[in-house]
Structure formats: C-alpha cells, structure tokens
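Try each task yourself before you read the solution.

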Amino acid sequence: MAKMRTRGHKVVLNRTAGGDTVINIMLLLMGVLMVLPMYYVIINSFKPLDELFIYPPKFYVVNPTMDNFKDLFTLMTESWVPFSRYIFNTVFISVAGTFGNLVLSSLAAYSLSKMNYPGRNIFFEIIVKSLMISSSIAGIIQFIVLSKAHLVDTYWALIVPAWGTTLGLYLMKQFMESNVTDAVLESARLDGASELRTFWTIAMPMVKPAWLTLIIYSFQGLWNTGDSQFIQSEQLKTLKCAISQSLTAGVVRTGATAASTVILMIVPILVFVISQSKIIETMGSSGMKD
C-alpha cells in the first residue's frame with residue numbers, strides 16, 4: 001500500500017518527486033511563453049529607432065533611451081484637446097461600461113437561472129445564438145438604434161452597447177446555476193429577505209469569481225476602444241484613438257508607437273493582477289463547505 005505524502009503537515013496528492021518536478025518545469029515554460037510577448041513590447045519601448053528595425057529582432061536593449069516616451073508626450077501635448085481629457089474619456093467609458101455590464105448581466109443571469117416564468121428557455125436560447133454573431137455584422141443596426149435614441153457622438157454611444165454584451169450574461173448565468181443552490185435562496189426568502197436582497201447578499205458573493213472575470217473582460221475591451229463610427233467629436237475620443245491619430249506619420253514615429261503600446265497595456269494588466277489574485281482566493285475558499 002502506497003504511503004501518503006505530506007508537505008507542511010498536510011496530505012498532498014500521491015505523486016512522486018519526479019512528477020512534481022516535471023509539472024513545475026512545464027508550468028515554468030508555459031509562464032515564460034506567456035510573459036515573453038509582454039516583455040518584448042516593454043523592451044521595444046526603450047529601444048532607439050535604429051535598434052527597432054534590426055532583423056532578426058533582439059530581446060535586449062543595447063542603448064536604452066526614454067526618447068520614445070518623450071516623443072509620445074510631445075505629440076499628445078501638441079493636440080488642441082488636453083491629454084488629460086483623453087484619459088478622462090477612457091477611464092469614464094471603461095468604468096461606466098464595466099459597471100453597467102456587471103449589474104445588468106448579473107440581474108439577468110439571476111432571473112434566467114433562479115426564477116421560473118414563461119419563455120425563460122427561449123430567451124436563453126436567443127442569448128446563446130447571439131454569441132455567434134460578430135459585433136461588426138450588427139454595426140449598421142446598432143448605429144441606427146443609437147441614432148434614433150440621439151446617443152451618437154456622446155459617451156453613451158460606447159457605454160450603452162457595452163451594457164448589452166451577451167457573453168457576460170452567459171458567463172454569469174452558467175456560474176450561478178452551478179454555484180448558487182436553490183436551498184440557500186429559499187432559506188433567505190423564508191427569513192423574509194426580498195428578491196433583490198437575496199440576489200445582492202446571497203447570490204452575488206457566491207459567484208464572485210464569475211463577476212471578477214467579467215470585470216477583467218469588460219474593462220479590457222472598453223479600455224482598448226479605438227476609433228469608433230459613433231464618436232466624431234475630438235473632445236469625446238478615447239486615449240487609444242487619440243494616440244492612433246497622432247502616430248500616423250509613418251516610420252519616424254515607430255518609437256512613439258512602441259511607447260504608446262506599453263502605456264495602454266499598463267492599466268488592464270493592473271486590473272487583471274488585482275482581480276486575478278482575488279479570483280484565486282475565492283476559488284480556494286469556495287470549496288470549503290459545511
């Protein structure tokens with residue numbers, strides 16, 4: 001009979017030390033492959049123009065410089081719209097769109113998974129089918145709807161469509177069905193809790209990994225919103241759109257382009273790192289049951 005292995009006074013899976021070593025090596029290699037593109041983008045932002053065009057490309061910098069960031073800052077400050085306005089636009093659109101998407105997706109998912117009413121399954125089938133439709137296909141219809149609602153060339157032209165994304169609804173619905181038990185909800189209702197309070201204080205904490213994942217997905221998509229047919233006013237455009245417009249001079253602005261990629265990448269990475277650590281913590285604690 002095989003003897004159970006222990007680590008730190010805790011019983012672990014009965015694997016050999018060699019098996020653990022192989023798994024750790026594979027995880028390390030996968031981690032390196034995932035980090036490598038990010039590392040290459042970062043070092044490119046510190047390369048002078050002559051090093052950026054070396055072929056084959058090098059994964060190190062011979063003469064690091066901050067000129068790329070200085071050139072980008074100079075380009076952005078020369079715009080008639082203040083650089084801070086572009087940042088505000090991007091932050092406002094990302095936060096408002098993510099918050100609305102989270103709230104509406106969670107409410108709709110709770111309704112579809114934990115309430116019985118006619119047509120519930122039909123609604124969910126329509127949502128599943130909509131996942132196969134590309135956003136570019138619905139672009140004309142979306143423009144007509146926003147135009148009739150007088151939302152074109154406003155912040156809401158980018159925020160409101162983000163509220164209605166069906167991927168977040170599908171994710172929340174599936175997670176609620178598997179993690180929120182009907183017995184827990186019935187107990188809350190018997191104690192006199194309203195449906196809204198049951199949703200907010202019982203269901204939402206139990207699906208924390210799902211809505212944190214939705215925050216990452218939604219925020220990243222909105223933060224990287226570039227040129228849009230719904231926004232024409234310069235003072236309403238996002239940071240990515242403004243940078244793209246300023247970097248249209250060709251090869252001479254390749255360094256500034258590399259610097260802008262790093263700047264646009266920093267915030268979504270920070271959001272992911274913060275949320276991802278909480279997801280792992282929640283996943284670990286959610287397995288503890290009485």
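Predicted model: local features only at pLDDT ≥ 70, side-chain atom pairs only at ≥ 80, totals over all residues.

**Exercise 1. Describe the aromatic pair of Phe88 and Tyr155, and say which parts of the chain it links.**

Solution. 
- Step 1: The structure contains twelve aromatic pairs.
- Step 2: Take the geometry. The centres of Phe88 and Tyr155 are 6.4 Å apart and the planes make an angle of 75°. An angle over 60 degrees counts as edge-to-face, and that is the class of this pair.
- Step 3: Phe88 is in helix H4, while Tyr155 is in the loop between helix H6 (139–148) and helix H7 (156–163). The two are 67 residues apart, and the pair links distant parts of the chain.
- Step 4: Compare the accessibilities. Phe88 is partly exposed at 46%, whereas Tyr155 is buried at 15%.

**Exercise 2. Classify the pair of Phe143 and Phe230 as stacked or edge-to-face.**

Solution. 
- Step 1: Use the angle. The ring centres of Phe143 and Phe230 are 6.0 Å apart with the planes at 15°, so this pair is stacked.
- Step 2: Trace the chain. Phe143 lies in helix H6 and Phe230 in the loop between helix H11 (208–223) and helix H12 (239–246), so the pair ties together parts 87 residues apart in sequence.
- Step 3: Phe143 is partly exposed, with a relative accessible area of 32%, and Phe230 is buried at 6%.
- Step 4: Look for a wider ring network. Ring pairs join Phe88, Phe92, Tyr155, Trp156 and Trp163 into a cluster.

**Exercise 3. Find what surrounds Lys114.**

Solution. 
- Step 1: Find the residue in helix H4 (residues 83–114).
- Step 2: Lys114 has a relative accessible area of 13%; the cut-off for buried is under 20%, so Lys114 is buried.
- Step 3: Look for a polar partner. A polar atom of the Lys114 side chain lies 2.4 Å from the backbone oxygen of Val180.
- Step 4: Gather the neighbours. Leaving out residues up to four places away in sequence, Lys114 touches Arg120, Met176, Glu177, Val180, Thr181, Asp182, Leu185 and Arg189.

**Exercise 4. State which residues of helix H8 are buried, and compare the span of H8 with the expected value.**

Solution. 
- Step 1: Take the span. H8 (residues 166–179) has 14 residues and reaches 20 Å from its first C-alpha to its last, close to the 20 Å expected.
- Step 2: List the buried positions: Gly168, Leu169, Met172, Lys173, Phe175 and Met176.
- Step 3: Recall the helix geometry. An α-helix has 3.6 residues a turn, so residues three or four places apart point the same way.
- Step 4: The charged end of Lys173 sits over the ring of Phe124, 3.8 Å from its centre.

**Exercise 5. Work out which residues Trp80 contacts beyond its sequence neighbours.**

Solution. 
- Step 1: Locate Trp80 in the loop between helix H3 (67–77) and H4.
- Step 2: Check its accessibility. Trp80 is exposed, at 65%.
- Step 3: Identify the contacts. With neighbours within four places in sequence set aside, Trp80 is in contact with Glu234 and Gln235.
- Step 4: Consider the separation. Trp80 and Glu234 are 154 residues apart in sequence, with their C-alpha atoms 9.2 Å apart in space.
- Step 5: Widen the view. Among contacts in the protein with a separation of 6 or more, 69% are between residues 24 or more positions apart.

Technical notes
Residues numbered from 1 in each chain as written. Heavy atoms only, no water. Helix = DSSP H or I, 4+ residues; strand = E, 2+ residues; numbered from the N terminus. Buried < 20%, exposed > 50% of the residue type's maximum accessible area, 1.4 Å probe, protein only. Polar contact = N/O pair within 3.5 Å; in protein donor to acceptor, adjacent residues only side chain to side chain. Contact = heavy atoms within 4.5 Å. Phe/Tyr/Trp six-rings, centres within 6.5 Å; stacked < 30°, edge-to-face > 60°. Lys NZ or Arg CZ within 6 Å of the ring centre and 35° of its normal. Expected span 1.5 Å × (residues − 1).
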